[in-house]
Amino acid sequence: MSVIIINMHEFPRDFFWGAATSAHQVEGGNSLNDWWEYEEAGRLKYRSGDACRHYDLFKQDFDLARELNHNCHRLSIEWSRIEPEEGVFSLKELGHYKNVILALRERGLEPIVTLHHFTNPLWFLKLGGWTFKKAPDYFLRYASKVMEAFAGDVRFWVTINEPMVYLYHSYLLGAWPPQEKSFIKTKIAEDNLLRAHIKAYRLIKDIYKKSGLIEPMVSIAQNMQAFVPCRPTLRNRLAAGLRANFFNLGFIERSLSARTLDFIGVNYYSRSLVELKGWGVRNFAMDVCDGRHSSLKKNSLGWEIYPEGLYQVLVSLKKYGLPVFILENGICTEDDSLRWDFIRDHLKSLNRAMDSGIKVLGYIYWSLIDNFEWDKGFDPRFGLIGIDYATYQRKVKESARKFAKVCSEGRIYP
């Protein structure tokens, strides 16, 4: 009689499982922020409009998350709703987000709350946005109001989502508001984002301590890529290493030097295949392979599916000795079987990293529902739950059911 041995990938009993949303991408009607202004002015190709109507339907969406065995949910607060005019704060919107957070708590979902997820109040943009010297102080004032309202209900805070992605698209590439193309402004904005994070971190800790609350865990969400040389030439290897240190680790290390990270929040989607065409600064910063040398499957935006990269970036964080939280990992595709393959294979890489001694708090899939994918519009479908944008009906995908089994059992089979 032969015995079949199945090697399961098991996760801790207290592991967090969930999915994420961000305000502008799902709520609809965020008419007081910079994105809405640029959308309506025709400076962006797509309009968010009613998005997914999550602002009104959040309880329905959280019911589905609970049905899918999630025990946490990552969301963002829309700054322009909280502070629609400079120095004017909306009790109505503070009350709304209080209800959102309590709705999660009532369903047994741990809220993981992000303060800044790419969008800014229009008044803030007109003052100069993140290049304005007082930008960190304005952000701190907003954060203080949020803490006053929600400190007792939230344990996990994310101050800034993907600072390097935001800087690249908004101040260097010029694709996102304020559509700048300046190395100098990029650097100024980066320094201000870092100062904003440091100030907010210390504020949050101080408010919780003075209020006698259990100490919260505070971090950023850092987008990390696996930078892989297309061919193992000297300049490709040098560029890959430099980009990993700058893009993946730079903001993290500056935050750590200020002792303002309790865990490292990781957003991981894909790899970057590095292929330099010259020795110039721009070559080292931006050159990538044209794709002819890769046979990997891709998502609908052309990003390569590379689960091994999640293991690689997690190993690169081991030296810091902090726990890691996967705050985003997902795929946009119309092929739902590919979505499940993506989730399963990345969870295997995650489990492998944990076996090597890296402490991971949880895994959050991007995203809970299909949504407005910024300058790409509504076509990319990242959601575990599909949205019919004609009726706003929700439909749970089969990949979500398979992920729900993992969330329930805390294990994944080969």
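Where is the place of Glu93 in this structure? Hi everyone, Glu93 sits in helix 5, residues 91-106, with helices (H or I, at least four residues) and strands (E, at least two) taken as DSSP runs numbered from the N terminus. Before going on, please keep in mind that this is a predicted model, where local features need pLDDT of at least 70, side-chain atom pairs count only at pLDDT 80 or more, and totals for chains, interfaces and linings use all residues. Residues are numbered from 1 along each chain as its sequence is written, and side-chain values use heavy atoms, with hydrogens and water left out.

Back to Glu93. With a relative accessible area of 10%, Glu93 is buried; buried is under 20%, exposed over 50%, partly exposed in between, with a 1.4 Å probe and protein chains only. The Glu93 side chain makes a polar contact of 2.8 Å with the side chain of Tyr55. By polar contact I mean a pair of N or O atoms within 3.5 Å; within protein, one must be able to donate a hydrogen and the other to accept it, and residues adjacent in sequence count only if both atoms are side-chain atoms. Leaving aside neighbours within four places in sequence, Glu93 is in contact (heavy atoms within 4.5 Å) with Tyr55, Arg81 and Ile82.

Now to helix 9. This helix has 28 residues, 183-210, and should span 40 Å; the end C-alpha atoms are 41 Å apart, which agrees. The expected span is 1.5 Å times one less than the number of residues. At the helix 9 start, a side-chain oxygen of Ser182 comes within 3.3 Å of the backbone nitrogen of Ile184. Just after helix 9, Gly212 has a positive phi of about 70°.

Next, helix 10, residues 234-257, which holds Asn236. Is Asn236 buried or exposed? Asn236 is buried, at a relative accessible area of 1%. Not counting residues up to four places away in sequence, Asn236 touches Pro229, Cys230, Arg231, Val274, Glu275 and Leu276.

Last stop: Thr260, in the loop between helix 10 and strand 7 (264-274). Thr260 counts as buried because its relative accessibility is 0%. A polar atom of the Thr260 side chain lies 2.9 Å from the backbone oxygen of Ser255. Beyond four places in sequence, the residues that Thr260 touches include His197, Ile198 and Tyr201. Thr260 and Lys205 are 55 residues apart in sequence, yet 9.8 Å apart in space, C-alpha to C-alpha.
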